[in-house]
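Subject: Structure handover

Hello,

Here is the structure we talked about. Please open it and keep it beside this email as you read.

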Amino acid sequence: SIIKKIVAISHPGQKLAYLRKVDPYAFEELILTLLQRRGFVIARNKRYSGDGGIDGRFEYNKATWLIQAKRYSHRIKQEHVSDFAEVLINRGCNGIFVHTGRTPDSVRNFVENHAPNSIVIISGNRLLNLFDSSIKQTF
């Protein structure tokens with residue numbers, strides 16, 4: 001499984017490089033499974049495409065959280081995050097944007113200025129921490 005493969009790789013950069021090559025649908029499912037293993041009750045979508053960018057959802061602290069997982073090779077695109085923010089606003093939800101790429105300052109600034117309490121970006125070491133069940137994850 002992908003989880004066993006990631007755990008077996010010792011270098012964080014190699015783990016991320018491997019995740020960047022995983023099938024996009026397998027990556028979505030992987031993220032939902034990792035969150036489920038942490039105790040979140042995940043509602044999965046019925047299909048992978050045509051999902052409006054939402055890969056799953058869960059309830060946490062009396063709020064609905066939507067999940068979007070993107071497998072990138074390079075920097076993430078601001079329009080993907082702003083489109084996700086628009087969905088969150090329209091649905092009155094919070095969201096987790098999980099990705100394998102790099103987060104440019106423009107995206108960090110967008111989240112900080114437009115959705116500071118509603119979008120959590122998970123990438124890099126924070127993404128790799130999802131594989132370690134001993135690390136407490138909060139949103």
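A residue counts as exposed when its relative accessible area is over 50%, and as buried when that area is under 20%. One caution before the findings: this is a predicted model.

**The loop between β2 and β3**

Start with K62. K62 sits in the loop between β2 and β3. Its relative accessible area is 88%, so K62 is exposed. N61 is found in the loop between β2 and β3 too. N61 has 61% relative accessibility, so it counts as exposed.

Now look at the backbone. Most residues other than glycine have a negative phi. K62 is not a glycine, yet its phi is positive, at about 60°. N61 is not a glycine either, and its phi is also positive, at about 50°.

**The sheet**

Next, find the strands. Five of them form an open sheet, in the order β1-β2-β3-β4-β5, with mixed pairing.

Strands pair through backbone hydrogen bonds, either parallel or antiparallel. β4 covers residues 94-99 and runs parallel to β5, with four bridges joining the two. Trace two of the partners. F97 has I121 as its bridge partner in β5. I96 has V120 as its bridge partner in β5.

In a regular strand the side chains alternate between the two faces of the sheet. Check this in β5. I119 and I121 are on one side, V120 and I122 on the other. All four are buried, and both faces of β5 are covered.

**The helices**

Which helix lies across β1, β2, β3 and β4? It is α3, residues 24-37, and it runs at about 140° to β3. Then go to α5, residues 105-114. Together with β4 and β5, α5 makes a right-handed β-α-β unit.

**I76**

Finish at I76. This residue lies in the loop between β3 and α4. Is I76 buried or exposed? Its relative accessibility is 4%, so I76 counts as buried.

I76 and G101 are 25 residues apart in sequence, but their C-alpha atoms are 5.9 Å apart in space. Leaving aside neighbours within four places in sequence, I76 has contacts that include V81, F97, H99 and V107. R102, T103 and P104 are also among its contacts.

Best wishes

Note on methods:
Residues numbered from 1 in each chain as written. Predicted model: local features only at pLDDT ≥ 70, side-chain atom pairs only at ≥ 80, totals over all residues. Heavy atoms only, no water. Pairing = 2+ DSSP bridges. Contact = heavy atoms within 4.5 Å. Axes fitted to C-alpha atoms, helices over the stretch in contact; angles between N-to-C directions. Buried < 20%, exposed > 50% of the residue type's maximum accessible area, 1.4 Å probe, protein only. Right-handed = clockwise from strand over helix to strand, strands pointing away.
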